[in-house]
Amino acid sequence: MPENASTAAQGVDDLFYFINNINYFFFGLIVLILIWFALRYRSKPSEHATFNNDAPVHNTPLELTWTAIPLLIVGVLFWLGMDGYLHLTDAPDNSYPVQVTSQKWSWTFEHPEYGVTEAAELTVPLGRPVRLLMTSPDVIHSLFIPAFRVKQDIVPGRYSSLWFEATKPGQYRLYCTEYCGKDHSKMLAVVNVLPEDEFQEQLGKLAREYEEISDHDLPAYALARLYNRCASCHSLDGKSGTGPSFKGLWERTKNGTTVFKDGSTLKDYMGPGGQFEVPENYIRDSILNPQNHIVQNYTGAMPTFKGQLKERQIDALVLMLKNYDKLVDEQGNVIENPDLTGVDISTGVDQ
Ligand code: CUA
């Protein structure tokens, strides 16, 4: 069994072992009887088969027994299973709320009480019930945290919910367990369980993070904290994925050389009077309205990030792409402690 780190985990494990032990018992019993019958009633070469007309055709007490015992067992299993299911369905009233958006191929966790949005990482308090209200703008996903023994499908067009109460501080894996397309295996996240005081401190910090950060630090912030939402589709090393690589993206944008599906180039939309007076606006528009211009040879699989990113976070992403060469090396590795002297902090949006 994986690590046991929620209040529900022990009950789920106990029921699993109970069912498993019943299976072991009956498997053993049936195999023993099978062997015994095979030996006892085997046909010997010296004997001819004879049929006895007086042989019993049925035995009422025996038949009642082999109906009643399994019925009792499945009745108990149903009771225990239903009881556990209802417990997992019904979140306590004082649960800490988190809104979850699952989309190809990333997780977004919003904390309405703090105005904080996390990507690929979910920070929760220890020893307090947490309720996830989950939705998907694209296809079916399924959220699974093995250490908590909770799993729930997320279906487009409706909300589903799930709750847990973590019992051990630490980091736990969170998976998508619905095959949601080719990068399904990259749809991973971490649940970070913190004791109450550390939790409040961390959420307070996250709430102020991009407000307090200096413009100068925004590009590095975007790469460290926001890029993980882009990572499954946009590589750093130039390899094309579901979307174009971020490597060289600013050069292609700045020079207007990006070619779109309909054969037009970005240059056609740029400049005074055009849709994008400055190239930064094209990046901004691609984040908010990704279907407007689809780059040639790509399918336009990107969902909109409207409402999921704050203005300052969009600025940060634009600056990350503009200062890409200072942040990422030729091979696509993130440079640790990058030298950001002379970093370009104009987002162009106000121009
Ligand atoms: Cu989402 Cu698999």
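These legends describe close-up views of a predicted model.

**View 1. The domains of the chain.**
The domain assignment divides the protein chain into domain 1 (7-40 + 60-89), domain 2 (96-211) and domain 3 (215-327). The centres of domain 2 and domain 3, taken over C-alpha atoms, are 26 Å apart.

**View 2. The interface of domain 2 and domain 3.**
Here 19 residues of domain 2 are in contact with 14 residues of domain 3. The size of an interface is often given as the accessible area lost when the parts come together. For domain 2 and domain 3 the buried area is about 1,600 Å², and carbon and sulfur atoms give 46% of it. On the side of domain 2, Gln103, Ala119 and Tyr210 lose the most area to domain 3, together 35% of what that side buries. Between the two domains there are 4 residue pairs in polar contact. Strand 1, strand 2, strand 3 (116-119) and helix 3 (196-212) each supply at least two residues of the side of domain 2 that touches domain 3. Helix 3 provides the largest share of that side, 4 residues.

**View 3. A salt bridge across the interface.**
Side chains of opposite charge can pair when their charged atoms come close. The structure holds 10 salt bridges, and 1 salt bridge is found across the interface of domain 2 and domain 3. Glu121 pairs with Arg225 in a salt bridge, with 3.9 Å between the closest N and O atoms. Glu121 is in strand 4 (residues 121-125) and Arg225 is in helix 4, 104 residues apart. Glu121 is partly exposed, at 22% relative accessibility, and Arg225 is also partly exposed, at 25%.

**View 4. Other salt bridges.**
Arg128 and Glu196 meet through their side chains in a salt bridge of 2.9 Å, N to O. This pair links distant parts of the chain: Arg128 lies in the loop between strand 4 and strand 5 (129-135), and Glu196 lies in helix 3, 68 residues apart. Another salt bridge joins the side chains of Lys239 and Asp237, at 3.2 Å from N to O. Lys239 is exposed, with 57% relative accessibility, whereas Asp237 is partly exposed, with 30%. Lys182, Asp183 and Lys186 are linked in a network of salt bridges.

**View 5. The nonpolar cores.**
The largest nonpolar core has 38 residues, and Phe246, Ile283 and Met320 have the most contacts inside it. At least two residues of this core come from each of helix 4 (218-226), helix 5 (249-254), helix 6 (279-288), helix 7 (311-322) and helix 8 (324-327). Helix 7 gives the most, with 7 residues. Residues touched by Phe246 include Tyr227, Leu236, Met320 and Tyr324. Apart from this core lies another, of 35 residues, among them Trp105, Trp107, Phe109 and Ala147.

Most residues other than glycine have a negative phi, and most peptide bonds are trans. A cis peptide bond joins Lys104 and Trp105, with omega about -5 degrees. Trp105 is in the loop between strand 1 (96-103) and strand 2 (106-111). Arg149, in the loop between strand 6 (141-145) and strand 7 (150-154), has a positive phi, near 55 degrees. Asn297, in the loop between helix 6 and helix 7, also has a positive phi, near 75 degrees. Arg149 is buried, with a relative accessible area of 11%, whereas Asn297 is exposed, with 72%.

Methods. Residues numbered from 1 in each chain as written. Predicted model: local features only at pLDDT ≥ 70, side-chain atom pairs only at ≥ 80, totals over all residues. Heavy atoms only, no water. Core = buried A, V, L, I, M, F, W, Y, C linked by side-chain atoms within 4.5 Å. Buried < 20%, exposed > 50% of the residue type's maximum accessible area, 1.4 Å probe, protein only. Contact = heavy atoms within 4.5 Å. Domains from an automatic or database assignment. Buried area = accessible area lost by both parts, 1.4 Å probe. Salt bridge = Lys/Arg side-chain N within 4 Å of Asp/Glu carboxyl O. Polar contact = N/O pair within 3.5 Å; in protein donor to acceptor, adjacent residues only side chain to side chain. Lists of a residue's contacts leave out its neighbours within four places in sequence.
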